[in-house]
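Student: Could you take me through how to read domains, contacts and helix packing in a structure like this one?

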Amino acid sequence: MRNFEFHRPQSVADAVTLLKGNDAAKLLAGGQSLLPILKLDLAQPSDLVSLAKIPGLKEIRSEGGDRGDLVIGALVTHDEVASSPEVRQRIPGLAALAGGIGDAQIRNRGTIGGSLAHADPAADYPAAVLALGATIVTDRRSIAADDYFTGLFQTALGADEIITAVRFPVPERSAYAKFPHPASKYAVVGVMVAKTAGGVRVAVTGAGSKVFRLTALEQALTENFAWRAASAVEVPPGDLRTGGESSPEYLAHLVQVMAKRAIQACQ
Amino acid sequence: MSDQGLGASVARKEDRRFLLGKGRYTDDVTLPNQSYAVFVRSPHANAAIRSIDARQALAAPGVLAVLTGEDAAADDLGGIPCGWTITSKDGSKMVAPPHPALVKGKARHTGDPVAMVIAETRAQAKDAAQLVEVDYDPQPAVAHLNAAVANGAPQVWDEAPGNVCFDWHLGDAAATDAEFAKAERVVAIDLTNNRVAPNAIEPRAANGYYDDVEDRYTLYTTSQNPHLTRLLLAAYTLKVPEQKLRVVAPDVGGGFGSKIFHYAEELLVLWASKKVGHPVKWTSDRSEAFLSDAHGRDHVTHAELALTADGKFRALSVRTLANMGAYLSTFAPAIPTYLHATLLSGPYVIPAIYAEVKAIFTHTVPVDAVRGAGRPEATYLLERLVDKAARELGIDRVEIRRKNLIQPDQFPYQTPVALQYDVGDYPATLDMALQAIDYGKFAERKAESEQRGKLRGFGISTYIEACGIAPSALVGALGAGAGLYEAATVRVHPTGSVTVFTGSHSHGQGHETTFAQLVNERLGIPIENIEIVHGDTDRIPFGMGTYGSRSAAVGGSAIYKAVDKIVDKGKKIAAHLLEANVADVEFEDGKYRVAGTDREKTFGEVAFTAYVPHNYPIDTVEPGLEDSAFYDPKNFTFPGGCHLVEVEVDPETGVVEVVDVAIADDVGVIINPMIVDGQAHGGLAHGIGQALLEECVYDTEGQLLSGSFMSYTMPRAADLPSFKVGNHVTACTHNPTGIKGVGEVGAIGVPPAVINAVLDALAPLGVTHLDMPATPEKVWRAIQAAQGGAA
């Protein structure tokens, strides 16, 4: 780890100011991905801008009554999402997903905003955000999940843009099924299925260079929400990772199995 | 006689400091004016080094020196020696290439040390290491056994054509051929034994200090055998006489074999300390450990078993390729030969055995002993082969073993592969384990699993191992460069408390407790008053260290022998005090008593008298009460037993879950049942890890792909069920304690039981073979292939 300047701004605006024009600055939320990267000297930021002192980023709230969105602040930890009565009651699939991220230490420190900004292709939250049709709220705009993930560790965020919250529409049902890597506990394949009044959305993490949707399965499930549909899923080979520990064939198979299990868990 | 003696599960004395985080490990030792070393390691598996430019690094803040292979050669630093020489079939000695501490001109595996950067802080050394410019010329490399023996393979050493280090054999080829020629059935198997990394929780570290006033070197190091390290430093590498060298191995956080060996870094910190005038400390990080700790296993084997039609074993033939890596680590050549082929009879009567072992160089980290060391490889191939034979002959897997086990009345049993087993009761451990797992109800459990969509399998392994390596004269004749005895000094203090100086080294085994229990058993002194000192060549007369499950059997026997001398001397003193003949004095329950009377003196009174000899047989007995013993074992010890495993396989994903493990071991006389259970648990976790999770994966270029805990999967508590551990004791017949050894039984016995269980679960789907580790994708592919699928 190299030396860096450490900042603890009191507001989002101050944080943005610290980032502006400084490509070598990095935001620090829970640090569960960033700190290992620094320790291994894989990144050498000149400045770390901690979000810890900024008020208002740690709330979980429902907006607009019973049918309104669930809004989770960017600094809410995985454990807080997993154990929140509100999340558990309104989107239990999301609470369960958060409860299966990494290990207890990671869940106690890691945050939803940090995970989404990092956009690890094997992280769990991207599957939830995409399947639930969530909106990423930043200091300056709202970004639909469909527009947010742009590539391997790549997002639509500007260089000095800061996630402040994530807005989740509440589905009728949702569930996440994950095949964790035995060592890292990252998703080899994770499939999130969400059934809403407007149809079904299915998102896959782990298997590709970024999280992606299974639109054919979504259509089939929108017509008939039955787990058997999953066995017909054809994952486009171009969406799958190559050169990793798992072969594309196995990944494609796991997508089917995890999709089936997620659908079953919804029922 | 005592609630702290043999058989008492007393709490471990050393745990207080460990649980409070107050263990003192090598990295905790920071000396005045400490400096820090970081190594520049080759990123290539095979590369010529055209030049090294250290100018920028030398100019970096805090840098004291940048040392290279040229500097080491200029100072006549010795290469790292191999401590065991194997003689090939044709009578030639193995190829033992040079193993420079810092490479010169050529790197031969990723991680090979190219330069050593020393700075005032570790961070400065790390930063400066990145500034050392090495001009590499990468060349084709070879990492895998079958590729290394192929025609046209890249050559690791010019002096080892075909990458062959040695081509060795054991057993009677003609007798084996004759049995195969007339065999009613022959069963063959091809398998690999996966390469594993040792992964002790404490990474290796070394802190070297040259004192120019005393002209003396001190090395703190993570070692399982500091005296051996001192011997090799003195005789081969640093070339400084032993009285000028002190090697201290303080608390050590696990070894699993990997800390037996003398490593380059130990030599280099001592050498560098003299050059820079500061103590020099190096501490490995985990990524570096994967590239610099000796790995284990890595065999490819073809084996055949000749049987009668009704399943009696007649002969075994084994051909093994063993990966040595790029250099020969300290005991590497002994592992696939004398610790592997000699175990191929297992617990069975096999009239003829012939084994051929070719050791092969590759552009990989050296391979040496890891927990079990050769014996897991032997057990794995034999138990896989026996299971396959049972299936092919249509004989129950338990029955084929029962039919071929050496019976209790056949001991001592001479195998066709050199060893003579002294004692055991293999049918007893088999029955004990079967009962513990409730084998009779397996079919019910299988049906219940099936209802949940899981395939349940039952796996068995009846195994033998050889511990307490072994008479020095024998190992010398077989090529060892060292004796394999153990030493102990027992010092009785005037008030009757005791300090024991042992040449064994505890790095998790609990010697501070168990050795004290041994002394308590003999002298009746509370273990709180018995201090066990280990790990410091200045304090302990000599020692061979701890590996191969030898400490209790060999080190414990040395302590027993020293205690015998103490007891005998005490008798002479007591006889004088009691005005009796020495022959009439008995020692029991911590008291010297004139036989048949109530006249007695406590051990404490005798000890006090020895140091305050006012009323004393001074003409015939010296004052003081201290003695030493060296114990050289007459034979190996032979723990054995039966390991049973039940697994559930998820046929959709290929995930294997170990749902039950029941083992029955015979580890000889038990000192502390709690510690013995703990050793069994640790070994089982290790063995299950190898069977299902762990593997050092090299690509064809010699890059280690599994170089961190993000990809190399260590077993965790959640991966393991509660273990059912039983013991059936037959006492070792040739040592004074009756102890055999327990540290490796789990890692040896359980891997084949796991794979046999997985294959049993998958048998209905037509799967007949899997190699370790049985990862989900591998299992899924085997299912797909058996079902004619695309995989």
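This is a predicted model: local features need pLDDT of at least 70, side-chain atom pairs count only at pLDDT 80 or more; totals for chains, interfaces and linings use all residues.

Tutor: Residues are numbered from 1 along each chain as its sequence is written, and chains are lettered from A and ligands numbered from 1 in the order in which they are written.

Student: Into which domains is chain B divided?

Tutor: Domain bounds come from an automatic or database domain assignment. For chain B this gives domain 1 (31–139 + 201–254 + 259–292), domain 2 (299–469 + 635–786) and domain 3 (485–631). The C-alpha centres of domain 1 and domain 2 of chain B are 36 Å apart.

Student: How many residues of domain 1 of chain B are in contact with domain 2 of chain B?

Tutor: Two residues are in contact if their C-beta atoms, placed from the backbone, lie within 7 Å. By that criterion, 23 residues of domain 1 of chain B contact 23 residues of domain 2 of chain B.

Student: Is helix 7 of chain B enclosed or open?

Tutor: Helices (H or I, at least four residues) and strands (E, at least two) are DSSP runs, numbered from the N terminus. A residue is buried if 20 or more other C-beta atoms lie within 10 Å of its own, exposed if 12 or fewer, and partly exposed in between. In helix 7 (residues 226–237) of chain B, nine of the 12 residues are buried, so this helix is largely enclosed by the rest of the structure. Among the buried residues are His227(B), Arg230(B) and Thr237(B), and the cover includes strand 10 (216–221), strand 11 (245–248) and helix 8 (264–276) of chain B. After helix 7 of chain B comes Lys239(B), with a positive phi near 60°.

Student: At what angle do helix 18 and helix 19 of chain B pack?

Tutor: Axes are lines fitted to C-alpha atoms, for helices over the stretch in contact, and angles run from 0 to 180 degrees between N-to-C directions. Helix 18 (residues 673–692) and helix 19 (residues 745–762) of chain B pack at about 40°, with their axes 7 Å apart. They are therefore oblique to each other, given that angles under 35 degrees count as roughly parallel, over 145 as roughly antiparallel, 65 to 115 as roughly perpendicular and the rest as oblique.

Student: Which residues meet there?

Tutor: Gly683(B), Gly687(B) and Ala691(B) are among those of helix 18 of chain B that meet helix 19 of chain B, whose side includes Gly746(B), Val750(B) and Val754(B).
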